[in-house]
Amino acid sequence: MNSGADAGDDVLMLAWTGGDALAFETLYARHRGPLYRFLLRQTRDAALADEFFQDTWQRVIAARAGWKPEAAFSTWLFRIAHNRLNDHWRGLKHRPATPGDGDERAARVPDPTTPERELSHFEQRRRLQLAIEELPEEQREVVLLRLEQELSLEEIGAITGAGRETVKSRLRYAMDKLRARLSE
């Protein structure tokens, strides 16, 4: 069983339920950061987030035999965390009050979506769109199928009627032209 970082979550989960401990380690490493950040943002209390983090993983371990690959592992994991949070809020009968220094805390947090940054991202996307429009038709087609539709070279070849190597060549030339155009 390949329980490496490139394996899908469902494959890792099935391997883990079959006894592969390395598969669990990979799942844990892949999802611990996003899960902890979610819990910390929801509780706004590091100690409580730590408790819920441990509790969520304990519930995952306890329920692993009943897991079915009908939904993504991350969906299942975050659903367990969500339910744990709901149990907590229900027990308190309310959501936590905003801290007294909440406005000060919020003011200290840098805003990653400033108007200047948004404009810069928009301008970059627009430059890329214009550069793609300037490509020869055959190159533009393979770039759009690859980047926007995320198709494989073989799938693009089947659509365009070109061989895999021809598609690969068109894509390479197109990417070279885009890099040159965007570096101007």
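The crossing of helices H3 and H4 is right-handed, meaning that the near helix is turned clockwise from the far one by less than a right angle. The model is predicted; local features need pLDDT of at least 70, side-chain atom pairs count only at pLDDT 80 or more, and totals for chains, interfaces and linings use all residues. Residues are numbered from 1 along each chain as its sequence is written, and side-chain values use heavy atoms, without hydrogens and water.

H3 spans residues 46-63 and H4 residues 73-92; helices are DSSP runs (H or I, at least four residues) numbered from the N terminus. Their axes come within 10 Å and cross at roughly 125°. Axes are lines fitted to C-alpha atoms over the stretch in contact, with angles from 0 to 180 degrees between N-to-C directions.

A network of salt bridges links Glu 51, Asp 55, Arg 59, Arg 84, Asp 87 and Arg 90. A salt bridge places a side-chain nitrogen of Lys or Arg within 4 Å of a carboxyl oxygen of Asp or Glu. The structure holds 12 of them.

Helix H9 (residues 164-182) contains Arg 181. Its side chain meets that of Glu 134 in a salt bridge at 2.8 Å, N to O. Glu 134 lies in the loop between H6 and H7, 47 residues apart from Arg 181. Arg 181 is partly exposed at 32% relative accessibility (buried is under 20%, exposed over 50%, partly exposed in between; 1.4 Å probe, protein chains only). Asp 176 and Arg 179 also form a salt bridge, at 3.2 Å. Both lie in H9, three residues apart. Arg 179 is exposed, at 52%.

Definitions and conventions:
Helices (H or I, at least four residues) and strands (E, at least two) are DSSP runs, numbered from the N terminus.
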